[in-house]
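Colleague: I am new to reading structures. Please walk me through this one.

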Amino acid sequence: MKVSVIIPTYNRAQYICQAIESVLQQTMKDYGVIVVDDGSTDNTREVITPYLDKIKYIYTDNCGPAHARNVGMKAATGEYISWLDSDDLYYPYKLELQSACLDKFQDVAMVCTEASAFDDSGYWDEYHLKKYHKSAYDNSDITYENIFSENILLKDAGLDSGNWENRRIYVGNIFDMYFQHLIVLTAGVMIRKNILEKIGFQNEKYWLFEEYDFVLRICKHYKAAFIDVPTYKLRYHRGQISATAKKDGIKTVIRKQERLLEIAEKYGFRDREYYSRNKDAVDKRLAILHKALAIPLLAKGNQPKIAREHLRKSAHYGHPDQFLFYLSFTPYAVRRIGIKAHSLLKMH
């Protein structure tokens, strides 16, 4: 089998059939589909019953998305592995294009692509990656040409279907850039299954940014490719795990920033060889993340002392913010106003 497609799902009965259909409509036919149900309590099993002769269905206790993906990877028999979140969709040519890229570039372990975004109210954005990772791509120095060391037109690589004139494939070692900036849509990647022997599986204690940790680990050891064509359709809706607009949205923001900081410390600071060679870059990244964690802690209302510690660490790594530090000593109402003013100043 060429590709194993893993669809982890949890209580996505309203979307899961659309996700499966988008795989079954692929132009390439040498693939298998593994749906890993992470303990759903809705009618997921019932709605996918008509597909059970076309897919492999695995039910597990609710242990999180990383566990579900790991179960899928262990069950995969394909040469390559691709993922699909159960509320998202594939373009029909996704598997054919990405597997052809891995076939052609034998020194590449992972291929990622552009992505589109939509919602059920009619929103549509065909080339969405630079908006999805706006904080990175707003930097004019972060271009595909600067991220990757090589690039070639798709048609010159023999991968053009005739629909993507002037679109390119980019190849290179991207760990340094990816450590500093979120530049990859991790949900849409395809990898070689045999690299799992070296890099291992996803960290199951992570419920946020577990994919970033996993893909960053791949990039540490192998070359990556990027195809400037959307192959993945990202659906926006309020039920997403990482949504921050919910009642407890600020807690999600804090958890996300804590996880990003933990990952940066693991790959940047604790890897002493890497740190010794890239001290300035790692210090800058840690300073930014300590400060980014301090801000929602200040806004939460009851964490000023913890926020202050992160601001001290940010200053230690070379990026002090006296305004936020002094703001941490003020009453909650004043802090909220100060944080809004701080955000407005950054925008201008």
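Colleague: Which residues is T231 in contact with, leaving aside its neighbours within four places in sequence?

Modeller: Contact means heavy atoms within 4.5 Å. By that rule, T231 is in contact with Y90, Y91, Y93, K94, L97, Q98, T113 and E114. T231 is found in strand β11 (residues 223-236). Strands (E, at least two residues) and helices (H or I, at least four) are DSSP runs, numbered from the N terminus.

Colleague: What kind of model is this, and how are residues numbered?

Modeller: It is a predicted model, where local features need pLDDT of at least 70, side-chain atom pairs count only at pLDDT 80 or more, and totals for chains, interfaces and linings use all residues. Residues are numbered from 1 along each chain as its sequence is written, and side-chain values use heavy atoms, with hydrogens and water left out.

Colleague: Is T231 buried or exposed?

Modeller: Buried means under 20% relative accessible area, exposed over 50%, partly exposed in between (1.4 Å probe, protein chains only). T231 has 0% relative accessibility, so T231 counts as buried. A117, in strand β6 (residues 108-119), also has 0% and counts as buried. Beyond four places in sequence, A117 is in contact with Y123, W124, D125, H128, L234 and Y236.

Colleague: How many residues does the largest nonpolar core have?

Modeller: First, the general idea. In soluble globular proteins, nonpolar side chains tend to be buried together. A nonpolar core is a set of buried Ala, Val, Leu, Ile, Met, Phe, Trp, Tyr and Cys residues joined through side-chain atoms within 4.5 Å. Here the largest has 108 residues, and I169 and I191 have the most contacts inside it. Helix α13 (residues 279-300) gives this core its largest share, eight residues. Among the residues that I191 touches are W83, F214 and I218.

Colleague: How do the axes of α3 and α10 cross?

Modeller: Axes are lines fitted to C-alpha atoms, for helices over the stretch in contact, and angles run from 0 to 180 degrees between N-to-C directions. The axes of α3 (residues 65-75) and α10 (residues 210-221) come within 9 Å and cross at roughly 50 degrees. That makes α3 oblique to α10. Under 35 degrees counts as roughly parallel, over 145 as roughly antiparallel, 65 to 115 as roughly perpendicular, and the rest as oblique.

Colleague: Which residues meet there?

Modeller: P65, A66, R69 and M73 in α3 meet E210, E211 and F214 in α10.

Colleague: How many residues of α10 are buried?

Modeller: Ten of its twelve residues are buried, so α10 is mostly covered. F214 and I218 are among the buried ones.
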